[in-house]
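Student: I've got a new model open. Can you walk me through it?

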Amino acid sequence: MKKIVLGALLVLALPMTAGDHVMQATQHVDASGREVPANLSLTLAEAQNYAVEANRSLRNASLAVQEAYAQRWQTIAAMLPSVDATSGYTTYCGYKATMSTAMGDFQVTMPDYVSFGITASVGVNGQGIVGAILNQLAIDMKQISLEQSETALKANVKTGYVSVLVLEDIVQLLDSSLKNVEELVEMTQRSVDVGAAEQTTADQVRVRANTLKNNINQQKRSIEVARSSLKVLLDVPVETQLTLTESLDDLLSAEAVLQLLGNDFNIHNNLNYQLLEKSTELARTNVHMAAWAYGPTVSLAYQYNYQHYLEEGGFRMTPPNLVTVSLKMPLWSSGKRAAGVVEKKIAYEEAQNTFAETQDNLYIQNQQLRYNLQNAFETYLNEKENLDVTERVFNSTTNKFRYGTASNLELVNASNDMISAQSTYVQAVMTLVNAQVELDKFLNNE
């Protein structure tokens, strides 16, 4: 019975131990302390969100927004009441003051004393109020810049994601073509061995096979480079096993393109428009800031002072309560303030001109990006069909060559056509993806 119990405990303990090893093997802790799984399976949307959460530059941009909020509060707090407290101990080291009167000189004891005071003050001027508005505009501009960075990162992730998928598809296509050519190499060599074909023909077919192998190896290296680039965007270690769960057809479907083309253009959603609008508003507010240099500064202060003498004979020189109201008005600065206002007005006019010109350009850019996407999608469909046609022609030519009804030159030409079609197809896919990304970023529709 004791052996049975020990054996059962051992059986129960083994899966737990193995599970612990698996968990350790599937986790990686990066320099920032973030746990990264050793295996990642991601859709495109998941990859984009993962990159946004992991990107350190975006985290810094988010911190910059928080920093701007802190700066704004400092500007506001400078106009709010502030209270300071003071306390101290004063000793005259036994000194006695001599006072002369008509009745003669007499000495006055200067006793030691302790003091306590409170000072409350507040000062308000127009520049402080406008400064708080400028801080809020700075916050808005930093938030727009943060959103631009996030959009750009998601666009780069999509480009990298699709690059891996299209290269993998090309490698699969080349692998199937290579198998056919390798069969032709064996068949042709057997024909040479029995004297039914010349060695030159076998050598030429072998060159075709070697060319395909070389092309496959190049594409595989390109896949590794594309995967490494995508891992950099995701901020995961190079050794992480990355699995892309969406297919190329899902991402490049006609429905997705038509849906994007069907989105209306709202200029207020465009991030460049938003940023330039805030920049123009900032220039206008700077005019007010410069004009308020002529404005007054109103200050109010209250001071309470208490003194307690440690010996008899002391007399109070400072009143316990003191209220001060002041008004500071600038009068003359030799034209410095006037020149500052003129400078800000000119800068504001320049910002307005740039803003108006940009609005016109954005409408033109909207049309151009839509044309680019339509053309890229049509080109993609044509090149995809051309790739299918050249693949069928190549397979048909290899079969004909196998039965002696096609020449070696026809086989070479069919192989070259297929490799050329593959290259053109890859270029068409990337052009389509870039067109989608650019229009999506431009519209900025949620």
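Student: Let's start with Gly104. Which strand is it in?

Tutor: Gly104 lies in strand 6, residues 104-109. Strands here are DSSP runs of E with at least two residues, helices are runs of H or I with at least four, and both are numbered from the N terminus. This is a predicted model, where local features need pLDDT of at least 70, side-chain atom pairs count only at pLDDT 80 or more, and totals for chains, interfaces and linings use all residues. Residues are numbered from 1 along each chain as its sequence is written, and side-chain values use heavy atoms, with hydrogens and water left out.

Student: Is Gly104 buried, exposed or partly exposed?

Tutor: Gly104 counts as partly exposed, at 27% relative accessibility. Buried means under 20% relative accessible area, exposed means over 50%, and partly exposed is in between (1.4 Å probe, protein chains only).

Student: And how many Å separate the C-alpha atoms of Gly104 and Tyr371?

Tutor: They are separated by 107 Å. Along the chain, Gly104 and Tyr371 are 267 residues apart.

Student: OK, overall picture. How many helices and strands?

Tutor: The protein has 10 helices and 10 strands. Its radius of gyration is 40 Å, well over the 22 Å that the globule rule gives for 446 residues, so the protein is more spread out than a compact globule. That radius is taken over C-alpha atoms, and the rule is 2.2 Å times the number of residues to the power 0.38.

Student: What does the C-alpha trace span?

Tutor: About 150 × 85 × 35 Å along the principal axes.

Student: What share of the residues is buried?

Tutor: Buried residues make up 34% of the 446.

Student: Now the threonines. Where is Thr280, and what is it in contact with?

Tutor: Thr280 is in helix 8, residues 271-291. Thr280 counts as buried, at 7% relative accessibility. Leaving aside neighbours within four places in sequence, Thr280 is in contact (heavy atoms within 4.5 Å) with Tyr348, Ala351, Gln352 and Phe355.

Student: Which helix holds Thr398?

Tutor: Thr398 is in helix 9. Thr398 is buried, with a relative accessible area of 0%. Beyond neighbours within four places in sequence, Thr398 is in contact with Asn180, Leu184 and Leu411.

Student: What about Thr379, buried or partly exposed?

Tutor: Partly exposed, with a relative accessible area of 37%. Thr379 is found in helix 9, residues 336-402.

Student: Last one. Which helix gives the most to the lining of the largest pocket?

Tutor: Helix 4, with six residues. A pocket is an open set of points on a 1 Å grid over the protein atoms alone, where a 1.4 Å probe fits, with protein on both sides within 12 Å along at least five of seven lines; lining residues have an atom within 4 Å of a point. The largest pocket is lined by 21 residues, and Gln48, Lys158, Leu260, Asp440 and Asn445 lie nearest its centre.
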